[in-house]
Amino acid sequence: MQKVFGRPQGLTDLPFHYCPGCTHGIIHRLIGEVLEELDIIGDTIGVAPVGCAGFSLDFFACDFVGAAHGRAQAVATGIKRALPDKIVFTYQGDGDIVAIGTSHAIHVAARGEKITSIMVNNAVFGMTGGQMAPTTLAGQVTTTSPYGRDKSLFGAPIDLPKIIATMDGAAYVAAVSVDSPKNIHLAKQALKKAFKVQQAGLGFAFVSILSTCPTNWGMSPVDSLKWLQENMMPIYQMGELKVAEGVKAL
Ligand code: SF4
């Protein structure tokens with residue numbers, strides 16, 4: 001019998017152990033497909049952070065390095081500069097890249113490091129128990145904001161892709177979501193382009209992906225997707241925020 005659907009070669013055989021309904025698994029699959037379709041599995045080195053996204057190093061079939069909290073892009077910079085022929089990417093949660101890692105995010109974009117960074121934004125610190133993150137929405141209840149995030153005390157959520165899109169060294173910046181089949185398709189297109197930008201040596205490529213955390217949001221997987229659509233998507237700017245000259249032709 002002809003096999004019409006299977007696990008992409010870019011993933012290992014290990015079953016995902018994320019919480020039920022967590023969209024990390026969908027994003028992993030998309031990246032695994034892209035690595036396979038671009039035929040770069042053997043040439044790719046991933047860098048994992050601390051947090052739930054840190055589990056990613058078990059699931060991709062390419063080489064992987066674990067970095068200290070927030071430092072994945074600094075480690076990726078070193079690897080890429082030492083091994084410029086390799087495809088180097090970071091896979092980071094919002095609690096990692098928009099909190100302790102903010103300075104690295106700004107500076108890799110300013111320098112135009114030829115790496116690809118993927119941010120999975122679920123608006124909380126997931127692994128440590130759902131604390132408020134810089135990406136938490138105004139009014140959002142978390143374990144450290146039980147009355148909702150107070151904008152007058154903690155400000156508005158940081159929309160990192162918007163900031164990165166203003167940096168000269170950023171060649172491609174996209175903000176996507178994996179809440180529906182249509183958006184999953186668009187997310188894959190953005191991820192593929194972000195890897196192609198690196199293959200072409202055009203500069204820094206950044207893809208932010210809105211994701212769910214049903215466990216810490218205290219919702220069912222289905223309600224989580226609805227919450228993401230109704231609450232996160234109107235706040236975070238979506239789409240391709242920067243497509244530099246040269247990227248359009250990819
Ligand atoms: S804690 Fe949240 S982000 Fe982490 S695996 Fe569970 S649902 Fe996913």
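Biologist: Hi! Leaving aside neighbours within four places in sequence, which residues is K188 in contact with?
Modeller: Hello! This is a predicted model, and in it K188 is in contact with L30, E33, V34 and E37, once its neighbours within four places in sequence are set aside.

Biologist: Nice. And where does K188 sit?
Modeller: K188 has its place in helix α7.

Biologist: Is K188 buried or exposed?
Modeller: K188 is buried, because its relative accessible area is 18% and the cut-off for buried is under 20%.

Biologist: What volume does the second largest pocket have?
Modeller: Its volume is about 200 Å³. Of the 14 residues lining the second largest pocket, V176, L186, A190, G239 and E240 are the closest to its centre.

Biologist: How does that lining split by class?
Modeller: The lining of the second largest pocket has eight nonpolar, four polar and two charged residues.

Biologist: Let's switch to the ligand. Where does it sit?
Modeller: The ligand takes up the space of the largest pocket.

Biologist: Which residues are around the ligand?
Modeller: Around the ligand you'll find Y18, C19, C22, C52, N122, G126, C213, P214, T215 and N216. By class, this shell has six nonpolar, four polar and no charged residues.

Biologist: How much space lies in the largest pocket?
Modeller: About 350 Å³. Of the 26 residues that line the largest pocket, G51, C52, F125, G126 and M127 are the closest to its centre.

Biologist: Which elements supply at least two residues each to that lining?
Modeller: Three are worth a look on your screen: α3 (94–100), β5 (124–125) and α8 (214–217) each supply at least two residues of the lining of the largest pocket.

Biologist: And what is the class make-up of the lining there?
Modeller: For the largest pocket, the lining has 13 nonpolar, eleven polar and two charged residues.

Biologist: OK, cavities next. How many of 30 Å³ or more does the structure hold?
Modeller: The structure holds one cavity of that size. The largest cavity has about 40 Å³ of space.

Biologist: What lines the largest cavity?
Modeller: Its lining is N121, D159, P161, A175, V176, S208, L210, Y236, Q237 and M238. The elements giving two or more residues to that lining are β7 and β8 (204–210). By class, six residues of the cavity lining are nonpolar, three are polar and one is charged.

Biologist: You listed S208. How far apart are D85 and S208?
Modeller: D85 and S208 are 123 residues apart in sequence and 25 Å apart in space, C-alpha to C-alpha. D85 lies in the loop between α2 (72–82) and β3 (87–93), and D85 counts as exposed because its relative accessibility is 73%.

Biologist: Last topic, backbone angles. What is phi of D39?
Modeller: Phi of D39 is near 55°, a positive value in a residue other than glycine. Most residues other than glycine have a negative phi.

Biologist: Where is D39 found?
Modeller: D39 is in the loop between α1 (24–37) and β1 (44–48), and D39 counts as exposed at 65% relative accessibility.

Biologist: And what about phi of A123?
Modeller: A123 is not a glycine either, yet it has a positive phi of about 65°. A123 is found in the loop between β4 (116–121) and β5.

Biologist: Does A123 count as buried or exposed?
Modeller: A123 counts as buried, because its relative accessibility is 0%.

Conventions: Residues are numbered from 1 along each chain as its sequence is written. This is a predicted model: local features need pLDDT of at least 70, side-chain atom pairs count only at pLDDT 80 or more; totals for chains, interfaces and linings use all residues. Side-chain values use heavy atoms; hydrogens and water are left out. A residue is near a molecule or strand if one of its heavy atoms lies within 4 Å of it. On a 1 Å grid over the protein atoms alone, a cavity is a set of points where a 1.4 Å probe fits but cannot get out, and a pocket is an open set with protein on both sides within 12 Å along at least five of seven lines; lining residues have an atom within 4 Å of a point. A molecule sits in a cavity or pocket if more than half of its atoms lie within 2 Å of its grid points. Ala, Val, Leu, Ile, Met, Phe, Trp, Tyr, Cys and Pro count as nonpolar, Asp, Glu, Lys and Arg as charged, and the others, Gly among them, as polar. Grid points are joined across faces, edges and corners, and a volume is the space filled by probe spheres set on the points. Helices (H or I, at least four residues) and strands (E, at least two) are DSSP runs, numbered from the N terminus. Buried means under 20% relative accessible area, exposed over 50%, partly exposed in between (1.4 Å probe, protein chains only). Contact means heavy atoms within 4.5 Å.
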